[in-house]
Each structure stands twice: as structure tokens, then as C-alpha cells.
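Have the model open while you read.

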Amino acid sequence: MLLHEGQKHLFDHWPEPGVDDGRKKSFFDQVARLNSSYPGGLVSYIQNAKRLLADSKAGKNPYDGFTPSVPSGEVLKFGDDHFIMLEEVGVREARKAAFVLVAGGLGERLGYKGIKLSLPVETTTGRCFIQHYIESILTLQEASSRQAQGQCKAEIPLVIMTSDDTHSSTVDLLESNNYFGMKSTQVTLLKQEKVACLDDNDARLALDPNDKYKIQTKPHGHGDVHALLYSSGILDVWRTAGIKWVLFFQDTNGLLFKAIPASLGVSATKGYHVNSLAVPRKAKEAIGGITKLTHTDGRSMVINVEYNQLDPLLRATGHPDGDVNCDTGFSPFPGNINQLILELEPYFEELSKTRGAISEFVNPKYKDSTKTSFKSSTRLECMMQDYPKTLSPSARVGFTVMDTWLAYSPVKNNPEDAAKVPKGNPYHSATSGEMAIYRANSLILKKAGAQMADPITDVFNGQEVEVWPRITWSPKWALTFSDVKRKVEAGCSVSQISTLVINGQNVFLDSLSLDGTLIVNAIDEAEVKVTGSVQNKGWVLEHIDYKDTSIPEKTRIRGFGIQKIEQLELSYTEPGNFCFKS
């Protein structure tokens with residue numbers, strides 16, 4: 001097969017039989033792995049590579065013949081009646097949902113050596129991303145089961161896609177923390193394989209520079225998740241179990257679950273086969289735009305178009321100004337945040353045809369303008385959000401736009417890169433990701449009627465950010481805006497220096513005036529009312545230099561630590577009704 005596909009060079013250096021036979025055998029073991037993990041095998045991979053490399057050399061435009069237009073979707077306003085209704089529908093639907101977390105990348109780009117799932121979402125509690133995600137799913141599971149009285153209790157499955165880089169660390173993190181309260185049987189880890197590297201425009205497979213009996217490999221991208229779900233047989237299991245929705249999400253967006261209930265509500269009420277979560281985007285902002293593309297032959301699709309391709313595409317198709325803001329102050333093309341909600345049945349039917357193969361691209365770095373040789377080997381890549389490219393025009397593909405402050409603050413840039421981001425653009429760093437949590441929680445409490453102090457501006461690791469009161473709560477305290485409104489009575493106020501941590505389902509704030517730090521811990525069977533005035537010296541943010549290697553990475557990439565000077569901590573470990581009044 002390899003010889004037939006023009007790969008004779010792989011064997012040119014092989015000595016006669018009897019020499020290095022063990023290494024030759026391991027070469028074929030690797031070939032077998034590469035062959036079995038790619039839809040259609042290595043033959044398909046090499047042929048796809050030849051086609052894409054030829055297109056790249058010729059400078060072919062992937063959008064040739066397509067005209068962009070704004071697709072139809074739902075733009076939500078946080079906290080209005082429609083939003084509250086959709087959250088309720090989404091919670092009800094959650095018992096028929098499965099979650100898929102794409103977590104194949106290390107935190108190297110962040111300046112963090114561990115897996116990103118082990119990073120704290122915020123410093124106040126130290127809860128890491130995977131703990132936050134699992135507790136959010138368990139809370140959805142509980143709330144959804146309560147709504148479906150009389151029906152058997154649902155268990156929402158969680159699949160985590162790992163890679164060679166992250167698999168064993170992810171297993172260790174889950175096992176050493178007892179899966180953060182989730183049953184181990186609810187969690188499935190699927191490890192993605194890498195793909196073969198390519199040495200030239202003829203798609204000759206690259207040998208590992210350090211081992212002539214090994215093909216060099218690199219990651220294929222998070223689009224592999226579709227092929228893995230298909231080949232693992234999990235989708236069949238889910239269909240039998242009555243699962244209706246599959247929600248895909250990324251590893252470091254601490255705000256996401258604030259947007260999940262309403263977005264799932266949109267999918268259910270609109271009957272979307274594919275629902276892309278989105279945020280408003282400024283024209284030409286460096287985030288892909290969700291776009292309807294219609295071809296001259298009548299084909300159409302709703303797809304993410306990268307920002308550097310959207311503007312020229314618009315200019316080339318009768319929009320001389322390209323991507324511009326409309327009267328809302330934003331581009332009419334919403335910003336893609338790579339979170340998808342798919343209806344399982346049509347998804348399964350599509351994957352039965354494609355085996356999960358996703359439209360790929362290649363991005364070779366050429367040595368010069370002749371485009372005849374590469375600076376280094378390249379490979380084919382695919383993206384999870386390109387799934388809709390293969391769908392028929394009859395597929396119901398839409399989007400849900402949420403406020404950025406509510407739904408999107410990924411953690412992906414290291415302090416040095418974040419500090420270079422032009423002022424006014426998002427940093428997408430550990431610093432901005434944590435501050436976004438406090439801002440969102442403060443704005444939600446404000447919307448619920450609490451008086452919140454205005455934020456102050458400060459600079460950490462060279463990034464100017466708004467510092468709001470440090471407010472966090474466990475998912476079980478409030479999953480939806482209705483939960484917050486029900487638990488925050490009139491007359492509450494929080495000062496800017498304050499920290500509020502709520503760990504407990506039935507904690508109610510009534511005319512609470514907080515100027516300092518308050519931590520409330522309560523078991524589910526304890527109902528606690530907190531009222532009166534709490535004042536102390538609180539917790540203070542201390543500036544830290546990210547170059548100071550005496551400080552742990554997870555702290556220094558934020559640019560601040562917390563000095564815990566004084567706090568009031570209330571703990572309720574017995575069932576009953578309690579009232580705290582200071």
C-alpha cells in the first residue's frame with residue numbers, strides 16, 4: 001500500500017533481512033495505528049494531502065464561487081423573560097444531553113506545564129476547570145431530574161477527548177479526586193491519535209529526524225472528536241439510552257455553563273440540528289464569523305469563516321466596505337466561540353455516511369515564493385466546528401448569540417503575548433479569564449437587584465483589567481438566572497473590596513451588606529438565610545511578576561495572588577433551617 005502511494009523513500013535506508021527486524025516491525029505497528037485511526041486509512045490521508053497541497057501551491061481560494069450572507073439565529077438578552085423561559089427549557093432538556101470536552105492540548109502556550117484542565121478557574125476557591133465543569137453537569141443533572149418528576153433519574157454522560165500529551169495526566173487528575181463527585185462510569189476518555197507529517201508537495205510521509213524507523217507525527221486538530229465518537233460506538237449507546245443532544249465544549253472557558261441552559265433551550269425550541277454558540281463581534285475582530293455561504297451551483301452551508309478570510313470574501317462579492325459594523329455597533333456576522341450543540345439523530349446519520357471525517361486544510365510554511373519545498377514538515381488539520389460543511393442544505397443550522405461577559409472568556413495566552421494585545425481587545429489570558437468570572441457574577445447579582453460597587457482598573461502582568469468584587473458560587477447554588485433571583489432578596493449590597501464565596505444549594509441573601517470577605521458553606525439539607533452587615537479587612541489582591549520563578553506557575557501567570565487578611569466563614573453541616581444575622 002505504501003509503495004503504491006508513492007512512499008518508497010520510507011524503505012530506502014532499510015538494511016537486509018535479519019538486521020533491525022524488531023525496529024522494522026515497530027515501524028509497521030505504527031503504520032497500522034495511523035491507518036486504523038484515520039477515516040478511510042492512510043490511502044485516503046495521502047490522497048487528501050496531495051489534493052490539498054496542490055490547491056495550496058496553486059493559491060486556490062476555498063470559498064471560490066460562494067457568496068456570504070448573514071444566517072438566521074437567535075440573539076439573546078440576558079435576564080429578560082424570553083431568556084428565563086429558554087433557560088427553563090434547557091434545564092428540562094439537559095437530562096437528554098451528553099457533553100463532549102475537547103482537551104487534547106497542554107498549557108504550554110499559557111506558560112503552564114500541566115494540563116489546562118488542572119488550572120484553577122479562579123484563585124478565590126482554587127476550583128480547577130474540570131471540577132467546575134463536572135460540578136456544573138451534575139447540577140444540571142439534578143435540576144433536570146427534579147423537573148422530570150416520576151421518571152427515572154438521568155445520568156448525563158461526559159466524554160473527554162485526550163491526546164498522548166494529556167491522557168495520563170487527565171486520568172490521574174480524575175482518579176485522585178474521585179472524579180469530582182461524578183460516577184466514574186459516566187466519564188469516558190477517548191484518546192486521539194496524531195497524523196503523519198508530510199515532507200513535500202507530493203505528500204511523501206516524513207520520517208522522524210531522530211528515528212529512521214518511525215514516521216514523524218503531529219496533532220490533527222480537535223475535529224478528530226467526530227471520528228472518535230463514531231468509531232468508539234458511543235453514539236449507538238447514547239441513542240439506545242434516549243440521548244437527544246450532544247454538547248461540545250473547550251477546555252478553558254470558565255463562563256460557558258452560564259450560557260448552556262438558554263442555548264440548549266434555543267436548540268429545543270428552534271429544532272436546530274446544529275447550534276453554534278456565539279458572541280457579538282466587532283467588524284474585523286480576530287475571531288471567526290458565523291456565515292451563510294451560497295455557491296453559484298445552489299449549494300449552501302452555515303459555517304465559521306475565519307476573520308482574515310471573511311473581509312476579503314465580502315469585498316469580492318459586492319460588499320466594497322467588507323466586514324463592517326451595523327447599527328448595533330457590531331458586525332452582523334456573530335463571533336464563533338467553538339461550542340456546538342448537535343441533535344444526536346441527524347448527527348449520527350451524517351457520521352454513518354462520513355465516518356466522522358471532517359473537511360481538512362493544510363498550512364505548509366514554504367521556503368520561498370516558488371512553493372516547491374517546505375521550511376519544515378506539515379500535516380493535514382481539521383476543526384470541530386467545520387462539521388456543518390458536509391451537511392445538506394435541508395439541515396437546520398443556526399446560532400445563539402450571548403453577551404460576551406456572560407459566555408466567553410477563554411484562557412489561552414501567556415502573560416507576555418497577552419500584554420502585547422492592542423488595548424481594547426480581549427487578552428484571553430489567565431488574568432482576564434479570572435477577572436471575567438468576577439465580573440459576570442457581579443453583573444448577575446446586580447441584575448437580580450443587589451447593589452454592586454463599580455469596578456476599579458488595575459494592571460497585572462502588563463494587562464489593564466476591571467477588578468470587580470470577587471464573587472464566586474458553586475454551580476449548585478445557582479445554575480440559572482431564576483435561581484439567583486430566588487436566592488437574593490432586596491437590599492443586598494457589596495463593596496468593591498469584598499469577596500463572597502457561596503458553597504451550598506440553599507443559601508439565601510437577604511438585606512446583606514458586605515464589606516470584606518464572607519464564605520458560606522452549607523450541606524444540601526441546610527437552609528441558610530444570611531442577613532445584616534458583615535465588615536472585616538477581607539482578602540487583598542497582591543501583584544506578582546510572572547517572571548518570578550519562586551511562585552507556582554498557576555499563580556504567576558495571573559499576575560496576582562490573594563493575601564487572606566480577615567474573613568467571616570460560616571459552615572452548616574447539620575440539616576435544618578438557620579438564620580445568620582450579624
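1. Let's start with a term: a charge sits over a ring if NZ of Lys or CZ of Arg is within 6 Å of the ring centre and within 35 degrees of the ring normal. Take Arg239, whose charged end sits over the ring of Phe348, 3.9 Å from the centre of that ring. Another case is Lys564, which lies over the face of Trp539 at 4.6 Å from the ring centre.

2. A word on the ground rules. This is a predicted model, where local features need pLDDT of at least 70 and side-chain atom pairs count only at pLDDT 80 or more, while totals for chains, interfaces and linings use all residues. Residues are numbered from 1 along each chain as its sequence is written, and side-chain values use heavy atoms, with hydrogens and water left out.

3. On to the rings. Those of Phe, Tyr and Trp (its six-membered ring) pair if their centres lie within 6.5 Å; planes under 30 degrees apart count as stacked, over 60 as edge-to-face and the rest as tilted. That rule gives 23 aromatic pairs. One of them joins Trp14 and Phe27 edge-to-face, at 5.5 Å centre to centre and with 85° between the planes. Trp14 lies in the segment before helix H1 (21-36) and Phe27 in helix H1, so this pair ties together parts that are 13 residues apart in sequence. Helices (H or I, at least four residues) and strands (E, at least two) are DSSP runs, numbered from the N terminus.

4. Phe27 is buried, at a relative accessible area of 0%. Buried here means under 20% relative accessible area, exposed over 50%, and partly exposed in between (1.4 Å probe, protein chains only).

5. Next, the nonpolar cores, meaning sets of buried Ala, Val, Leu, Ile, Met, Phe, Trp, Tyr and Cys residues joined through side-chain atoms within 4.5 Å. The largest has 110 residues, and those with the most contacts inside it are Phe99, Leu117, Ile130, Val484 and Val530. Helix H13 (residues 430-447) supplies the largest share of this core, 9 residues. There is also a second, separate core of 34 residues, which includes Val102, Ile290, Tyr387 and Phe399.

6. What does Leu117 touch, leaving aside its neighbours within four places in sequence? Its contacts (heavy atoms within 4.5 Å) include Leu101, Cys128, Ile130, Tyr133, Ile160 and Asp251.

7. Strand E4 (residues 158-162) is worth a look: 5 of its 5 residues are buried. Leu158, Ile160 and Thr162 point one way from E4, Val159 and Met161 point the other way, and all are buried. Two strands pair if DSSP finds at least two bridges between them. Strand E3 (residues 97-102) runs parallel to E4, joined by 4 bridges, and Phe99 stands opposite Leu158. E4 also pairs in the parallel sense with strand E5 (residues 187-191), over 5 bridges, with Met161 opposite Leu190.

8. Two open sheets deserve a mention. E23 and E25 (residues 499-503) share 4 bridges in the parallel sense, and Ile471 stands opposite Leu500 in E25.

9. The other open sheet has 5 strands, ordered E20-E24-E26-E28-E32, again with parallel pairing. Strands E20 (451-452) and E32 (576-581) form the edges, each pairing on one side only. Within this sheet, 8 bridges join E26 (residues 507-515) to E28 (residues 526-535), and Val507 has Val528 in E28 as its bridge partner.

10. Lastly, a backbone check. Most residues other than glycine have a negative phi. Arg355, however, has a positive phi near 60°, and its place is in the loop between helix H10 (344-354) and strand E16 (360-362). His428 also has a positive phi, about 50°, and is found in the loop between helix H12 (415-419) and H13. Are these two buried or exposed? Arg355 is partly exposed, with a relative accessible area of 47%, whereas His428 counts as buried at 15%.
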